[in-house]
Structures are given as C-alpha cells and as structure tokens.
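Here is a short report on a pocket, a metal site and some aromatic rings. Please look over the sequence and the model first.

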Amino acid sequence: MIRLENVSMIYRTKYGSVKALDKVNLHVKEGEFAVVRGPSGSGKTTMLLSIGGMLQPTEGKVITNKSDIYAISKRQRAMFRAENIGFVFQLFHLVSYLNTIENVLLPVGVGKDKYGRTDAEELLKRLKLSERKFHRPYELSAGERQRTAIARAMLKHPRIILADEPTGNLDPETSDEIISHLAEFHRSGGTVIVVTHGTAVDQYADHIFHLEEGRIKKSV
Ligand SMILES: Nc1ncnc2c1ncn2[C@@H]1O[C@H](COP(=O)(O)OP(=O)(O)OP(=O)(O)O)[C@@H](O)[C@H]1O
Ligand SMILES: [Mg+2]
C-alpha cells in the first residue's frame, strides 16, 4: 500500500542544507497500523508529509496504492490525497476563525461532494464533540482540539490516516482515547501511520519504526 524506496530529503536554507531523510525504505501494507518513533528532529514529520503527498523528497520514490505519487501531476496528486488520505497535523492546524464543525468540514470541496454536514455531525457525536460544535479552537481543550483534527481527517472516509503526534501534550487518559479512535479506524479496515512518543499505541501496532537522524534504525 505504502512504500518508500530510498527516500532522501534535503532542505536547503540560507544557512546551509539539512539532510532530514537519508535513504529511507519502508513498507506498510493495506490495513496495517504502523508507528514511527524517534527523537525530535529525526525526520518524522518530513517522512509523514512525503507519504501524504505534501512534500516531494529530493530523491527516491513514494509509492502509494501502486502509483508513484510524485510522478503524477500536482492536480492528480491533490485529488489522490483528497480521496485517500486523512492527515492529522502536528499541533492540529485548526483554523482559528472557524468553529468545530466548520473545521471538520474543511476538506469538503466546493460544489458537489459526497460528504457533508450530516457526516460531520455523525463524527462529532462519535468523538463526543457535539456539545462543542459551535466553539472556536481557543474555546476547546487540547484533547477536544485533537479530536476535532481527527474528525476532520476521517470525514471523507480515507483509506489511510497519517497522524503526526496526535497525542502530544495530552494526559494519559485523553491520549488513550485518541488512540482508541485511530484503532477503531484501523479495525474497520483503514491503514494508519502514526508518529508518537507514547507507548499506548504499541498494543495496536503491526510495525514500529525507529527513526534516527533521518535513517530507519530499527523496525519491529
Ligand atoms: N522546512 C524546513 N526547512 C529546513 N529545515 C527543515 C524544515 N523542516 C524540517 N527541517 C529540519 O529537518 C530535520 C527533520 O525535521 P522534522 O520536522 O521532520 O523532525 P521531527 O522528527 O518531526 O521532529 P519533532 O519530533 O520535533 O517534530 C530537522 O533537523 C529540522 O530542523
Ligand atoms: Mg515533527
């Protein structure tokens, strides 16, 4: 389902270049739950963004669903992403001037879309956010914001969810709850890759990849 072949990423800045990924090879099959761990700066976000079609690596191939996602046009890639991938960004990326349900509805395209308000309401119910539907992000707790980000990622019934530190800064119970939503998505057949420092995910993980200085050091 997802395959990285010799993926390297070099960021070029005014101060010099940074090698964030160094010949990474990785394989996650459809329906698997994979965990990525590694110290701060080891390249986890870079890897997830590359998998999600949002950041083209300097070298190597990212193959999702049998297609090389950086060999297709930008437009095709955006379509592919909208149809297949739900992304939970590190630090949530909620839009501050939109309320909860509007944030959840962000991925819905203008005009005709298969998914809409009824789906968002349903998700908010499942994630216990119905009572916070009209709140803005600053009026929500960290866990509620994170659940909103997860609802947004799930809205279009993607096949893959990529989650970057979805439990960062949450207490153990809230963090377990977030993980249980990802686990439920996985149980229903979804593929999950989650970046996390926590160990609550380990019970669900088919694979755990350890990233260090842009290299996969260990995988189980
Ligand atoms: N846009 C960018 N431009 C230049 N360098 C970057 C950029 N984004 C990340 N880096 C560098 O690339 C390396 C990997 O960053 P990345 O964000 O992937 O790490 P991470 O493992 O997600 O860290 P954290 O756990 O702190 O989120 C770091 O050294 C970082 O400074
Ligand atoms: Mg990161």
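The lining of the largest pocket divides into 11 nonpolar, two polar and three charged residues. Here Ala, Val, Leu, Ile, Met, Phe, Trp, Tyr, Cys and Pro count as nonpolar, Asp, Glu, Lys and Arg as charged, and the others, Gly among them, as polar. The volume of the largest pocket is about 410 Å³. Of its 16 lining residues, R81, A82, I85, F87 and P107 are the closest to the centre. Helices (H or I, at least four residues) and strands (E, at least two) are DSSP runs, numbered from the N terminus.

A pocket is an open set of points on a 1 Å grid over the protein atoms alone, where a 1.4 Å probe fits, with protein on both sides within 12 Å along at least five of seven lines; lining residues have an atom within 4 Å of a point. Points are joined across faces, edges and corners, and the volume is the space filled by probe spheres set on them.

The model is predicted: local features need pLDDT of at least 70, side-chain atom pairs count only at pLDDT 80 or more, and totals for chains, interfaces and linings use all residues. Residues are numbered from 1 along each chain as its sequence is written, chains are lettered from A and ligands numbered from 1 in the order in which they are written, and side-chain values use heavy atoms, with hydrogens and water left out.

The structure holds two aromatic pairs. Rings of Phe, Tyr and Trp (its six-membered ring) pair if their centres lie within 6.5 Å; planes under 30 degrees apart count as stacked, over 60 as edge-to-face and the rest as tilted.

| Pair | Centres apart | Angle of planes | Class |
|---|---|---|---|
| F33 and Y204 | 6.1 Å | 35° | tilted |
| F87 and F89 | 4.6 Å | 40° | tilted |

F33 sits in strand β3 (residues 33-37), and Y204 in the loop between β8 (191-195) and β9 (207-212), 171 residues apart. F33 is buried, at 0% relative accessibility (buried is under 20% relative accessible area, exposed over 50%, partly exposed in between; 1.4 Å probe, protein chains only). Y204 is partly exposed at 25%. F87 is buried at 10%, and F89 is partly exposed at 24%.

What coordinates the magnesium ion (ligand 2)? T45 (OG1) and Q90 (OE1) do, at 2.0 to 2.4 Å. Donors are N, O and S atoms within 2.8 Å of the metal (3.2 Å for Na, K and Ca); water is not among the atoms, so sites may look incomplete. T45 lies in helix α1 (residues 44-51) and Q90 in the loop between β6 and α3 (100-104), so the pair ties together parts 45 residues apart in sequence. T45 is partly exposed at 28% relative accessibility, and Q90 is partly exposed at 35%.
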